[in-house]
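I opened this entry to keep a record of what I looked up, chain by chain and then across the interfaces. The notes follow the order in which I went through the model.

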Amino acid sequence: MLSRFVARRFAAAVALAFGVVLVAFLLTNLVPGDPAAANLGQRAIEDPDAVAAFRRQYGLDQPLPVQFGRYLTNLLTGDLGRSQQTNRPVRTDLAEFGPASAELALTATAISLVLGIGLGTLAAVRRDGPIDQALRVVSLGGVSVPLFWLALIALYLLSFRLSLFPGAGRLGPGAPRPPSVTGMYTVDAALAGDWATFRSALGHVLLPAMVLAAYTIGLLTRFTRSSVLEVLGNDYVRAAHAKGLPVRLVVRRHVMRAALVPIITVVGTAFASLLAGTVLVEQIFSWPGIGSYAYRSATTLDLPAIMGVSLFVALVYIFVNFVVDVLYGVIDPRIRAS
Amino acid sequence: MSAHTAAGIPLTRRQRRLTRSAWRQPLAVIGLSIASVWLAIAALAPLIAPTDPILQESGRFLAPSAEHLMGTDGLGRDVLSRVLYGARISIPLAFMLVGLSVTVGATLGAAAGYVGGWLEEAVMRVVDLVFAFPPIILAMAVVAALGPDLRNAVLAIVVVSWPSYARVTRSLVLSLRSSEYVAASRLLGVSSARALVREVLPNVAGPVLVLATLELGNAVLLLSGLSFLGLGAVPPSPEWGAMVSEGARTFNFWWIGAFPGLAILTVVLAFNFLGDSLRDALDPQTSRAVRERAL
Amino acid sequence: MRGIPPKAPLALIIALTVALGACGGGEEGGTDEAVESDTGTTPTGDDDAPSPATEDADGATTAPEEADTGAAGPRPETLVVDKSFDLATADPGRQFEVTGTIVGVALYDTLLTFEDADVSTPVPHLAESFEANDDATEFTFTLRDDVVFADGSALEADDVAFSLNRVRNLKGNGSFLMDGVTAEAVDERTVVLRAEQPTPQLPRILPNPTLGILNADLVRENGGTDAEDAAEADTAEEFLNTQSAGTGPYVLEQFDTTTETILAANPDYWGEPPVYDRVVLRNVEAATQALNVQSAQSSIVLDLAADQLGQLRGDPSLDVVEEASPNIWFLFANANPEISDVTSNPDFREAVRYGLDYDAILELAGDGAVRVPGIIPNVFLGALGEQEAPQRDVDRATAAVERLGGDVTVELEYPSDFTANGLNFGPVAERVQATLAEVGITVELTPAPIATALETYRAGEEQMGLWLWAPDYPDPADYLVFGAGGIVGLRAGWPAGSDPELEAVMEEVATTVDDAEREPLFEEFQRQMNERGVMFPLFQPTASVVARTDVGPVQFHPAWTIDLEAVGR
């Protein structure tokens with residue numbers, strides 16, 4: 001039964017990934033514009049030989065179905081083609097930019113988990129009091145602020161004016177990268193025991209992560225508050241309270257577990273969208289992640305990169321949904337039964 | 001400590017309503033007031049703006065002063081006038097955007113939930129596909145194919161955002177379809193189409209409207225974000241996101257980007273204050289559905 | 001040929017002292033620290049660490065390299081240069097972008113070069129002398145005998161012939177430079193270049209870094225070829241992206257098209273060694289570059305817009321270099337009636353030519369920008385004098401609009417996501433729109449992302465276009481493309497045969513060899529363009545180089561933006 005469930009799930013995932021790649025391919029080819037124009041110089045573009053050489057190099061001289069078929073065949077061998085923009089295999093690009101985005105997304109999610117759940121629970125327990133009201137304004141502020149604007153202000157004030165954080169990028173200029181294990185510089189540096197690089201990498205990731213977290217903190221605070229409130233209204237919690245257990249204990253023992261289920265959904269969705277790349281913030285912080293890669297490849301009609309990014313994002317979506325489902329089961333066994 | 005505990009769990013319903021009226025109202029009132037002010041600005045911009053928003057007659061990069069309360073931009077245009085006129089762009093477009101997404105999403109979602117079968121399967125697969133697709137590439141493709149223009153940016157965002165409405169509506173319809181009174185009216189021989197219109201839709205409308213209010217703020221954010229990237233507003237239109245992007249190129253003249261950013265913040269905040277208060281007014285069941293899908 | 005100038009030994013000593021001084025203080029000297037905290041510009045990232053100083057006292061760990069980019073004080077050992085990347089490859093024969101050129105000049109030497117910023121006179125470099133025949137179809141070069149590659153092998157004529165023929169056959173972005181030109185090694189130290197047609201501009205083409213000389217044997221071993229089918233058969237690019245194979249002042253340490261490319265000084269360089277041992281070229285958005293250089297996180301930034309320079313000029317720790325870039329920003333009105341009845345009408349051209357407020361547009365391009373009277377930039381042979389620039393004449397323009405029936409509306413397309421010299425096309429287009437509105441022309445802006453906009457531009461489908469032309473080589477011959485039938489002319493719907501008088505001048509100048517005779521012909525070409533042409537040259541924008549003063553002297557280079565080897569000298 002379980003294996004059939006997994007098999008069905010896997011089939012759905014493959015179908016979804018295929019659909020995403022197909023849509024990416026069709027969309028890019030529908031757009032008027034020529035990748036050769038975006039990549040060849042002002043002279044070469046008028047030279048039929050150079051244009052032909054470029055098209056041959058990227059397989060653009062083939063009919064569309066052949067191009068797509070060739071892409072799929074190569075995909076089976078793990079070959080995602082070569083990006084016209086970075087002039088590297090798309091797989092290499094994804095292996096570099098994916099972890100960069102993941103590092104940012106994980107840090108932002110960690111910050112917002114701690115603050116969001118903490119503040120949300122606090123708001124619920126102090127329901128309707130001044131603290132709750134203040135938190136309400138703050139959290140709504142978090143989801144209302146335009147992130148690109150906040151990013152600019154943070155960069156200007158905190159990094160440039162007050163020198164509290166280093167500027168854009170992932171490491172200091174020319175700093176040696178830590179030996180690559182996960183591709184996340186903080187983790188890799190820690191693994192290598194290189195604490196100087198670790199500090200530098202952490203310093204660089206912190207500011208953009210905090211900017212990104214503004215939105216998710218707001219979201220999580222609001223969400224945790226109402227989930228906790230809902231559970232607080234349940235009979236068994238009232239009963240526990242009637243037994244004379246202190247609020248703190250009731251919250252910790254009974255409420256959090258139940259409230260966690262919906263919270264996980266939110267975290268999952270938020271994390272997936274962060275990992276899928278947050279174009280605006282990555283652009284402003286010169287963060288070489290999936291978001292800026294997607295943006296650059298889209299504006300230059302870099303087909304292999306667009307398909308690679310789409311596939312990557314689809315896999316993230318599928319994976320995160322899967323993890324969320326599993327966590328549901330772990331936290332609330334009733335769901336697994338049904 | 002004991003006072004806080006009292007505010008914790010075992011409040012009587014009556015007490016709760018009282019505290020609610022004491023604390024909740026201000027936020028809704030504030031939200032409503034800010035939103036009204038912005039709506040008034042949007043309506044009256046030509047009357048209250050000091051100058052034409054595209055007039056390039058003043059000096060460039062003038063700091064805020066009595067003459068130009070928010071300074072001037074790189075082309076010598078009055079930033080205040082541009083911010084005021086910007087309300088005429090962002091606010092109506094946000095309504096249009098949400099209206100379109102709700103119409104498309106709710107219709108497809110309701111149909112999927114009510115009819116079921118292959119239609120439901122097809123709609124939900126498309127929903128999945130859109131959720132799993134990088135939005136920037138979708139937006140870029142729409143804009144590149146149709147040309148950068150705010151209306152096309154709206155279209156791009158509709159393409160990305162209708163699925164969340166479809167999901168909410170479908171799950172609401174599903175829960176209603178199985179409910180007893182719909183089943184009863186079916187038994188009484190009411191055609192399924194009529195049952196959908198008579199029984200189901202009115203019950204779905206409330207939560208979807210709340211969701212829409214909550215999404216108004218997001219719509220403003222998304223539109224300005226696309227314009228910030230140069231995929232939305234076409235110059236010289238005074239769109240706020242495009243203005244922030246111009247300010248970003250010249251950090252030292254902070255007023256060019258700071259004020260339009262503040263405009264976005266206040267408008268979105270007002271919509272969110274309203275939406276949040278509305279959501280609280282809903283009963284917990286639907287409110288929960290809205291919450292989960294609003295993401 | 002180019003002997004070591006007398007001041008060189010002094011510079012060398014200074015460089016050595018600085019290098020030693022910096023080393024003596026350990027990876028990051030105590031003095032550095034003091035200076036940094038004084039000016040409050042500690043490169044952060046270390047800020048949340050306990051304290052870098054304590055750490056040093058322990059002496060256990062090596063400090064992060066990042067700390068080397070200290071504020072004012074001793075010259076940094078590493079030069080950190082911010083550039084918004086358009087980097088595709090480190091293979092000289094394949095690169096033809098701004099960033100690639102900066103890297104190319106540092107890694108590869110060319111037969112001829114330009115001394116300092118003087119791009120009018122090519123001087124010998126790897127060639128110690130050269131001569132041309134009378135009709136500029138055959139050029140003979142004698143190579144220096146003291147040049148070696150990194151693997152110890154000496155530079156030979158075969159290396160030169162291989163490199164140049166390879167560029168032609170790669171059919172890449174820069175292949176047109178060698179169009180119709182064949183290189184042949186006559187003996188070990190003599191190379192002959194033969195052109196199918198008179199090519200008087202060849203000496204000005206040869207300093208282009210695309211024509212950098214590679215170690216032929218090494219590149220051949222790694223998949224390189226100069227054969228006819230090099231476009232497909234040559235697979236040396238991957239190798240050249242990991243290791244450079246030239247004789248230049250630097251060698252490639254790390255190549256990355258998206259984050260950082262690092263160059264290290266070539267220990268066996270045949271010429272005067274560069275001041276900086278290591279150069280880190282970082283990919284940074286233009287908006288953040290200003291912050292980086294002010295807070296000493298970067299030594300040099302290259303993409304600042306003119307509007308950002310104002311405040312930096314007052315900063316004593318910064319050196320702001322502003323000059324007119326040789327890039328030409330121009331408008332065109334499509335001459336093809338199928339595209340537009342309005343723009344193809346000569347009256348419309350007249351209306352635009354005299355309706356544009358050139359000074360108001362120039363204002364956007366910065367203090368270093370210059371109005372360009374003809375289509376040829378001011379630093380090149382044949383540039384027109386300022387007094388020949390068309391002057392705004394509102395009455396004349398309005399009269400022309402009236403002849404068109406009044407109230408005309410046209411579309412103007414430009415690339416919305418493209419920036420050059422820190423300048424966006426958007427504001428310039430907005431100014432054009434505003435100034436033409438004053439004479440009764442309604443301009444609708446239709447920006448598009450560059451891939452899409454280039455497509456309509458190249459297809460000749462834009463009613464009006466706003467674009468720029470970057471010089472391929474500093475010779476006026478490069479600007480014949482703007483004439484009727486030239487590649488830019490065609491994009492403006494202006495095919496050959498549209499203007500026989502102009503085309504006669506173009507034909508004559510293309511085969512004239514002597515610069516003294518070429519100059520008046522190019523001037524005549526531009527005068528006729530200004531009278532009847534479909535192009536409206538606007539300006540050469542400000543090109544800026546902003547450096548920390550402790551870096552030493554820097555210069556903007558009109559052909560390759562910055563010559564890294566000369567920084568600090």
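How many helices and how many strands does chain B have? I find eleven helices and zero strands in chain B, where helices (H or I, at least four residues) and strands (E, at least two) are DSSP runs numbered from the N terminus.

Before going further I note that this is a predicted model, in which local features need pLDDT of at least 70 and side-chain atom pairs count only at pLDDT 80 or more, while totals for chains, interfaces and linings use all residues. Residues are numbered from 1 along each chain as its sequence is written, and chains are lettered from A and ligands numbered from 1 in the order in which they are written.

**Chain B, overall.** Read along the sequence, I get the pattern α-α-α-α-α-α-α-α-α-α-α for chain B. Of its 295 residues, 53% count as buried, a residue being buried if 20 or more other C-beta atoms, placed from the backbone, lie within 10 Å of its own. I also looked at the contacts in chain B with a separation of 6 or more, and residues 24 or more positions apart account for 68% of them; two residues are in contact if their C-beta atoms, placed from the backbone, lie within 7 Å.

**Chain B, helix pairs.** I took helix H9 (residues 240-249) of chain B and helix H10 (residues 255-281) of chain B as a pair, and they pack at an angle of about 150° with their axes 7 Å apart. The axes are lines fitted to C-alpha atoms, for helices over the stretch in contact, and the angles run from 0 to 180 degrees between N-to-C directions. H9(B) and H10(B) are therefore roughly antiparallel to each other, a term for angles over 145 degrees. H9(B) passes H10(B) in a left-handed crossing, that is, with the near helix turned anticlockwise from the far one by less than a right angle. On the H9(B) side the residues that meet H10(B) include Trp240(B), Met243(B) and Val244(B), and on the H10(B) side their counterparts include Ile256(B), Pro260(B) and Ile264(B). I sorted the residues of this contact into nine nonpolar, three polar and one charged, with Ala, Val, Leu, Ile, Met, Phe, Trp, Tyr, Cys and Pro as nonpolar, Asp, Glu, Lys and Arg as charged, and the others, Gly among them, as polar.

I then turned to helix H3 (residues 79-115) of chain B and helix H4 (residues 117-131) of chain B, whose axes come within 7 Å and cross at roughly 140°. That makes H3(B) oblique to H4(B), the class left over once angles under 35, over 145 and from 65 to 115 degrees are set aside. H3(B) also passes H4(B) in a left-handed crossing. Leu108(B) and Val115(B) are among the residues that H3(B) brings to the contact, and Leu119(B) and Met124(B) among those from H4(B). The residues of this contact divide into seven nonpolar, two polar and one charged.

In chain C I followed four strands that form an open sheet in the order E4-E5-E7-E6, with antiparallel pairing; two strands pair if DSSP finds at least two bridges between them. The edge strands are E4 (127-132) and E6 (181-187) of chain C, each pairing on one side only. Neighbouring strands are turned by 20° against each other on average, direction ignored. E6(C) and strand E7 (residues 190-195) of chain C pair over six bridges in the antiparallel sense, and Glu184(C) has Val192(C) in E7(C) as its bridge partner. Helix H5 (residues 157-170) of chain C lies across strand E5 (138-143), E6 and E7 of chain C, and runs at about 165° to E6(C).

**Interfaces of chain C.** Which chain C helix gives the most to the side that touches chain A? I find H16(C), with six residues, in an interface where 56 residues of chain C are in contact with 48 residues of chain A. That side of chain C divides into 19 nonpolar, 23 polar and 14 charged residues.

Towards chain B, 23 residues of chain C are in contact with 15 residues of chain B. The largest share of this side, seven residues, comes from H15(C), and by class the side has twelve nonpolar, seven polar and four charged residues.

How values were computed. A residue is buried if 20 or more other C-beta atoms lie within 10 Å of its own, exposed if 12 or fewer, and partly exposed in between; C-beta atoms are placed from the backbone.
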